[in-house]
Amino acid sequence: MEKNMYKDILEIIEKSGKSDFEEITKELEDCINTDENFIETLRQIGAIPEFIVHDSTEEKLFSKASDAVLSRAFREIGLKSVVLKERGDSADVLVESPIHGYTLVADAKAFRMSRTAKNQKDFKVVALSCWKKDADYAVLCSPYFQYPSKVSQIYAQAISHNVCLFSWEHLIFLIDNNIKETADFSFSPLWNFSNLYSRKVLSSDMKQCFINAFNSEMLGLTGLSNEIFQTQLEKQIKIIKQRGTAEKSFWEMEISKINSYTKEEAILELIKSKKIYEKIAQIDTYIQGIKYNG
């Protein structure tokens, strides 16, 4: 039976506790870099599990895992890639073409299935362009089906700032079909797509979804058919639906757990969820730190 490395990644995150963050990050990277069933991990990484608490250490570790997955995915298509160690205000991954010499920065993006409306700030397109610095290209890697399907400011931003709107599903497609760079084949037209597309699109249409146009560029570049790509997307849809069932089960179990609370347990849980004691402590810290320097 094939080893489920994605499950191993989640177990490492769950058991992290008060362990050193950098040590756990290194363990996650080692796990991902030795994954023999990597494509299945790639199929799962775009959705943050519901059991991971928002803005928690575990969520930050999952983000680090997604960086490592993205970095390895670039290596799988023949590029050099490293995860950047900088914290905040920087891209996640630095990539270089050993054959054609270009460089790019990439940002890994994952969303919870329970997440409601997303806005342009969630995709950080403009920020990614700023993080490019001396690199030739900037690439955002997001779940394919999380991109807005009709109109969004992120498309205009991508065109204006030459940011490639890529996806985990595009990477799966390339890796599954063993597409790699060669002396006669470069991925640079993909990374430069927004710049090339800007010459074709009317100013009034810049906010229109261009994912289908990007898909056509990718298929023309690789010489593969749309039928092959659609088959891959249909497989991914099935996997996403399976994940959805599992994520719903988590919340259904939470409902059952809450329904079993006594009145006292429910009150304590409500106080905890509102972080009331933490807010009181913060007020105390603020007041105690006030000094008159006159």
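In what order do the strands of the open sheet stand, and how many are there? The sheet has five strands in the order β2-β3-β4-β6-β7, with mixed pairing. β2 (80-83) and β7 (163-167) are at the edges, each with a single partner strand, so one side of each lacks a neighbour in the sheet. From one strand to the next the twist averages 25 degrees.

The model is predicted: local features need pLDDT of at least 70 and side-chain atom pairs count only at pLDDT 80 or more, whereas totals for chains, interfaces and linings use all residues. Residues are numbered from 1 along each chain as its sequence is written, and side-chain values use heavy atoms, with hydrogens and water left out.

Helices (H or I, at least four residues) and strands (E, at least two) are DSSP runs, numbered from the N terminus. Two strands pair if DSSP finds at least two bridges between them. Strand β6 (residues 137-142) pairs with β7 in the parallel sense over five bridges. In this pair S142 stands opposite S167 in β7.

**Helix α12**

Helix α12 (residues 226-259) has 34 residues and spans 49 Å from its first C-alpha to its last, close to the 50 Å expected at 1.5 Å a residue. The expected span is 1.5 Å times one less than the number of residues. Among the buried residues of α12 are F229, Q232, L233 and Q236; buried means under 20% relative accessible area, exposed over 50% and partly exposed in between (1.4 Å probe, protein chains only). The cover over the buried residues of α12 includes α1 (5-14), α3 (38-44), β1 (47-48), α8 (168-176) and α11 (211-222).

Q232 has a relative accessible area of 7% and is buried. Leaving aside residues up to four places away in sequence, Q232 touches R43, E169, I172 and F173, where contact means heavy atoms within 4.5 Å.

**Salt bridges**

A salt bridge is a side-chain nitrogen of Lys or Arg within 4 Å of a carboxyl oxygen of Asp or Glu. The count by this rule is 10 salt bridges, including these:

| Pair | N to O distance | Relative accessible area |
|---|---|---|
| R43 and E40 | 3.9 Å | R43 5%, E40 30% |
| D55 and K60 | 3.6 Å | D55 54%, K60 42% |
| R115 and D122 | 2.9 Å | R115 37%, D122 16% |

R43, a contact of Q232, is buried, whereas E40 is partly exposed. R43 and E40 lie three residues apart in helix α3, so about one helical turn separates them. A network of salt bridges links E40, R43 and D176.

Definitions and conventions:
Axes fitted to C-alpha atoms, helices over the stretch in contact; angles between N-to-C directions.
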